[in-house]
Amino acid sequence: MQVDEVLEKVLSKIRPSDEERTFVEELMKELRTVAEERIEELGLDVRPYFVGSLAKDTYLAGDHDVDLFLAFPLGTPLEELREKGLELGKAIAEKLDSYEIAYAEHPYVRARYRGVSVDLVPCYDVRNWRDVRTAVDRSILHTRWVNENLNGRNDEVRLLKRFLKGINAYGSEIYVRGFSGYLAEILVIKYGSFLDVVEKADFILRQKIIDPADWLRKEPETALKTVKRETEEDRPLIVIDPVDPRRNVSANLSWEKYGRFYFKTMEFLENPSVKFFFPPEKPRGNYLDELRKRGTTLVTLLIDAPDMVDDILLPQLERSARGFEKALERENFRVLGWDVGRKGKAFIMLELDRDWREKVKIKPGPEFFTERGRNFYRKNEKVWVIGKRLYSEKAVRESAVDVIIELLEKNQVSLGKGIRDAVREADVLLNYVPKELEREAYLFLSREKWNLKE
């Protein structure tokens, strides 16, 4: 199939239909009306803004999550913004179907309306980057910049987003570390089209610094600080935010996810196929079969993690996994890989080269001139005297689980600060995982979770 045919076929699946567009437009109109009524009732000076992919018309068919930002005047104290913003969010949500309080930099309301998720987020009504006070404030500027610069290439963004989803490289969350939707929009605006972006995957990586708004010329001191900081962090890309020279849009993008993008673009250009956008479901393997085939050992820690969002929990689990890797290798176990996540309980999986080790243990004995001393001498092979007391040594087999428990008891593992107590109380399983983790264990042991050649 030719590349043009592939892209047209994909677009027919991901471009919203006329009926869908009508639904989205009506939904946003209704939400705006509710927001404005509640703002007036509460006597607040707040402007509602739609941000995100719906507001930019870069959303994929079937993906209708709404981001409605409630912008307070710049002079509003932060505590008042948080308090009044939450009050307003709840007042709006009470007119919708259901809601809950969620937490990021500050509390916000996550509601449901007509089957769609609606985030009601307080922010400042910023006009430029110098006004930005909180992490969410830029979203208004992002939406405005994209709408002013996309120039009808909305479907090109849709293609890039769907491609990134298909190759498992979409999402800037800390547990994904891929391309954000905003980064995809910037790349299309900068390079022209979906095909232009994928054809330039190697060039983009070598170019390293992308500056769509020309901040290096307009605000050289600030932009150069950003470049220096991000270079020291060894990022694969530095994309200076078109609306804020202090920020690298691709700061969360990992080398691993760019590597996946790099090779998948090469494969796509060599052999265009819809499967890059909509990969077929893989047959589910058995993790026990993988263990037998590999001849290795799986240790899993099941952790009752504190109530925290994944963006905070996952880095702490990763730090703890690296801590176990270093501690176990000091104890002569080779750690062949690790994985972390949360499926109900949080977990850390460690693949080890074996499930036991031999270790010499020194055994103190009785005083040599006693009856017990003579019996000790007869029973042990290597025996010696220090002062009046006998000592011996013997080789013992120690299980990896016992070693891990001992390391935790002796505080010899570097753990994530917020989960230390929970990890110390974790259940430690050997070559077994509960049913909800069976697929995760298979993907981990088979390396299918990370394999570039699927």
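**Basis.** I worked from a predicted model, in which local features need pLDDT of at least 70 and side-chain atom pairs count only at pLDDT 80 or more, while totals for chains, interfaces and linings use all residues. Residues are numbered from 1 along each chain as its sequence is written, and side-chain values use heavy atoms, with hydrogens and water left out.

**Helix pair.** I looked up helix H13 (residues 287–294) and helix H18 (residues 438–446), whose axes come within 8 Å and cross at roughly 30 degrees. Axes are lines fitted to C-alpha atoms, for helices over the stretch in contact, and angles run from 0 to 180 degrees between N-to-C directions. Helices (H or I, at least four residues) and strands (E, at least two) are DSSP runs, numbered from the N terminus. H13 and H18 are therefore roughly parallel to each other (angles under 35 degrees).

I then listed the contacts (heavy atoms within 4.5 Å): Tyr287, Glu290, Leu291 and Arg294 in H13 meet Glu438, Ala441, Tyr442, Leu445 and Ser446 in H18. I sorted the residues of this contact into five nonpolar, one polar and three charged. Ala, Val, Leu, Ile, Met, Phe, Trp, Tyr, Cys and Pro count as nonpolar, Asp, Glu, Lys and Arg as charged, and the others, Gly among them, as polar.

**Pocket lining.** I next turned to the lining of the second largest pocket, to which H12 (255–270), H14 (310–330), strand E9 (335–343) and H18 each supply at least two residues. H12 gives the most, with seven residues. I noted that the lining divides into 15 nonpolar, six polar and 21 charged residues.

Key. Angles under 35 degrees count as roughly parallel, over 145 as roughly antiparallel, 65 to 115 as roughly perpendicular and the rest as oblique.
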